[in-house]
Amino acid sequence: MAQYSEALDGVFTALADPTRREVVRRLGRGPMSVGDLHREFPMTLPSFMKHVRTLEANGLIRTAKTGRVRTCALRRDRLALVDDWLADQRRVWESRTDRLEAYLTDTDPEQETREQQ
């Protein structure tokens, strides 16, 4: 997973902002123009475009310009990086909790007390 750390860091950085997470959520329903996306946010278009550029720079969306309209589309494959990372973390913690459970259930406190005497 180390080879993905820089890309994963970028994805997490992009998703750290609630505005960008909302843009990703909306694009999950399908491509939208920047104008349509921006309409729902109480900020200036230049401020909104910074968010779009951050998402694009970190590979979460792609944009295409046709005439005067710039359309954004979600790159779902980049979200798979997060999914893979979370799956790895889940395996680590499940393994640790399984070992803890085995230790706690296999340990007889009375036996340990007798052994210590």
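Among contacts (heavy atoms within 4.5 Å) between residues at least 6 apart in sequence, 50% join residues at least 24 apart. The model is a predicted one, in which local features need pLDDT of at least 70 and side-chain atom pairs count only at pLDDT 80 or more, while totals for chains, interfaces and linings use all residues. Residues are numbered from 1 along each chain as its sequence is written, and side-chain values use heavy atoms, with hydrogens and water left out.

The protein has 6 helices and 3 strands, taken as DSSP runs (helices H or I, at least four residues; strands E, at least two) and numbered from the N terminus. Their order is α-α-β-α-α-β-β-α-α. Of the 117 residues, 28% are buried, that is, under 20% relative accessible area with a 1.4 Å probe, counting protein chains only.

Beyond its neighbours within four places in sequence, Leu27 contacts residues including Ile61, Cys72 and Leu74.

In H1, Leu8, Gly10, Val11, Ala14 and Leu15 are buried. They fall within an arc of 160 degrees seen down the axis, so they line one face of the helix; the arc is taken from the directions from helix axis to C-beta atoms.

Arg26, in helix H2, is buried too, at 13% relative accessible area. Leaving out residues up to four places away in sequence, Arg26 touches Met32, Leu37, Glu40 and Phe41.

Methods:
Buried means under 20% relative accessible area, exposed over 50%, partly exposed in between (1.4 Å probe, protein chains only).
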